[in-house]
Amino acid sequence: MHRADQVVDAVVSALEAAAAITAPVYAHRTLSLSEEDGELPAITVTYGEDGAASGEQIAGLFYSTLSLEITAHAVGDDEEAVRRDLLQMRAQIHAALMTDARFGLSFVHHTFYGGASAPRLSRGERMLGDLTSTWRVRYELNLASPE
């Protein structure tokens with residue numbers, strides 16, 4: 001399994017273990033979430049860009065920085081409620097990730113907050129919203145194999 005996938009799985013586990021987070025957490029899902037199927041509110045975790053950190057190579061390893069995209073999805077009766085829920089979920093995600101910035105993975109060096117997007121809102125029968133925060137995970141990548 002690629003180390004990026006190991007990071008995603010470890011982050012999903014960390015979020016699921018956080019007592020404050022009551023929404024289900026999904027890896028690699030955003031487009032297929034459905035309120036009709038009872039999947040909202042939710043938190044989704046996926047990876048984005050994965051770039052070498054200045055091309056550093058030390059002892060057969062090089063260091064890469066993986067962007068994690070963690071999205072809070074909320075649903076409510078009005079815009080104000082959805083926006084408040086999104087910020088609350090963002091704070092819960094932050095607290096869960098900073099509990100162990102290495103997620104129990106020996107190859108992860110640290111995790112850094114990389115900012116958040118503006119909330120995206122849409123109205124159907126109810127108000128839907130999502131807010132994505134980006135986290136940068138610095139980790140060791142073996143030169144011979146990404147696994």
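Reply: Helices (H or I, at least four residues) and strands (E, at least two) are DSSP runs, numbered from the N terminus. On that basis the protein has two helices and six strands, in the order α-β-β-β-α-β-β-β along the sequence. This is a predicted model, in which local features need pLDDT of at least 70 and side-chain atom pairs count only at pLDDT 80 or more, while totals for chains, interfaces and linings use all residues. Residues are numbered from 1 along each chain as its sequence is written, and side-chain values use heavy atoms, with hydrogens and water left out.

Me: What makes the largest nonpolar core a core, and which residues have the most contacts inside it?

Reply: A nonpolar core is a set of buried Ala, Val, Leu, Ile, Met, Phe, Trp, Tyr and Cys residues joined through side-chain atoms within 4.5 Å; buried means under 20% relative accessible area, exposed over 50%, and partly exposed in between (1.4 Å probe, protein chains only). The largest such set has 34 residues, and Val7, Val11, Leu15 and Ile70 have the most contacts inside it. At least two residues each come from α1 (3-17), β2 (42-58), β3 (61-76), α2 (79-99) and β6 (127-142). The greatest share, seven residues, comes from α1.

Me: Which residues is Val11 in contact with, leaving aside its neighbours within four places in sequence?

Reply: Contact means heavy atoms within 4.5 Å. With those neighbours set aside, Val11 meets this criterion with Val45, Leu68, Ile70, Leu97 and Phe103.

Me: Why is Tyr113 called partly exposed?

Reply: Tyr113, found in strand β4 (residues 108-116), has a relative accessible area of 35%, which lies between the two limits and is therefore partly exposed.

Me: How do you know that a polar contact joins the side chains of Tyr113 and Arg90?

Reply: A polar contact is a pair of N or O atoms within 3.5 Å; within protein, one must be able to donate a hydrogen and the other to accept it, and residues adjacent in sequence count only if both atoms are side-chain atoms. The contact between the side chains of Tyr113 and Arg90 is 2.7 Å.
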